Each structure stands twice: as C-alpha cells, then as structure tokens.
Amino acid sequence: MVQLYLARNPADAYILKGILESAGIACEVQGDQLYHLLGELPLSQESVPSVWIYDNKHFKEAEKILEKYKKVESSKESEKTTWQCPTCDEALWDQFTTCWRCGTQREMK
C-alpha cells in the first residue's frame with residue numbers, strides 16, 4: 001500500500017477515492033477520523049486525511065488521475081475569492097473572518 005495524496009479535508013479525500021474507485025483502482029482514506037481534532041492534536045500525517053492505493057502497480061495511473069483532479073479543483077478555487085491564513089496557510093473563502101483550522105482572525109484592511 002502506498003500513499004497517493006494528503007487531502008485538505010475528509011470530503012476532498014473521499015471525492016478522490018470515489019474517482020479512483022470508478023477507474024478501477026482500489027484505495028482507502030486514512031486519517032479522516034482524527035480530522036475534527038485538528039487544533040487539539042498536533043498536525044501530522046496521522047491527523048490529516050490521506051488517500052492510499054492498495055496495489056502499487058496502479059500508482060502511476062492514480063497519479064495521472066490525481067493531477068487531473070487537482071487541476072479541476074484548482075480552477076474551482078481560483079474562481080472563488082479567498083484569503084490566506086497567516087498562521088497556518090489555509091485558504092479560506094472571503095465570507096469567513098476566522099480561520100476554521102487554527103482560529104486566527106482575518107486582518108481586515
């Protein structure tokens with residue numbers, strides 16, 4: 001088993017998992033159970049959702065699918081107005097004034 005992707009959140013991980021499974025690539029999500037404890041637990045590979053491929057022979061194909069997924073997600077994100085948390089670098093939509101990940105208040109200009 002090999003790690004393919006560190007996700008932004010559980011939904012992100014499960015969306016990619018669904019895409020991979022629809023392409024016939026068996027995989028699983030790990031770390032999603034601890035995600036809601038971020039801020040209470042230190043940030044680590046175990047506390048961030050990740051997608052793992054069961055069979056290493058599918059890794060190259062999974063990487064190609066991941067790159068397409070990232071391009072689509074990136075184009076969606078760039079359409080939204082966001083701000084970057086100065087503490088944890090999380091990208092947040094403009095309607096939020098507090099970082100959901102670490103609680104830092106947005107600097108209003």
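**Close-up views of a predicted model**

**View 1. Tyr5 in the sheet.** Tyr5 stands opposite Val51 in strand 3. This is a predicted model, in which local features need pLDDT of at least 70 and side-chain atom pairs count only at pLDDT 80 or more, while totals for chains, interfaces and linings use all residues. Residues are numbered from 1 along each chain as its sequence is written, and side-chain values use heavy atoms, leaving out hydrogens and water. Four bridges join strand 1 to strand 3 (residues 50–53), and the two run antiparallel. Strands and helices here are DSSP runs numbered from the N terminus (E, at least two residues, for strands; H or I, at least four, for helices). Two strands pair if DSSP finds at least two bridges between them.

View 2. Three strands form an open sheet in the order 1-3-2, with antiparallel pairing. Strand 1 and strand 2 (27–30) are the edge strands, each pairing on one side only. From one strand to the next the twist averages 30 degrees. Helix 1 (residues 10–22) packs on this sheet and touches strand 1, strand 2 and strand 3; contact means heavy atoms within 4.5 Å. The direction of helix 1 makes about 175 degrees with that of strand 2, where axes are lines fitted to C-alpha atoms, for helices over the stretch in contact, and angles run from 0 to 180 degrees between N-to-C directions.

**View 3. Two aromatic pairs.** A search of the whole structure finds two aromatic pairs. The rings of Tyr5 and Tyr69 have centres 6.3 Å apart and planes at 85 degrees, so this pair is edge-to-face. Rings of Phe, Tyr and Trp (its six-membered ring) pair if their centres lie within 6.5 Å; planes under 30 degrees apart count as stacked, over 60 as edge-to-face and the rest as tilted. Tyr5 lies in strand 1 (residues 2–6) and Tyr69 in helix 2 (residues 59–79), so the pair ties together parts 64 residues apart in sequence. Both Tyr5 and Tyr69 are buried, meaning under 20% relative accessible area, with exposed over 50% and partly exposed in between (1.4 Å probe, protein chains only). Trp93 and Phe96 form a stacked pair, 6.3 Å centre to centre with 20 degrees between the planes.

**View 4. Salt bridges around Asp12.** Arg8, Asp12 and Glu73 are linked in a network of salt bridges, each a side-chain nitrogen of Lys or Arg within 4 Å of a carboxyl oxygen of Asp or Glu. The side chains of Asp12 and Arg8 meet at 3.5 Å, N to O. Asp12 is buried at 2% relative accessibility, whereas Arg8 is partly exposed at 31%.
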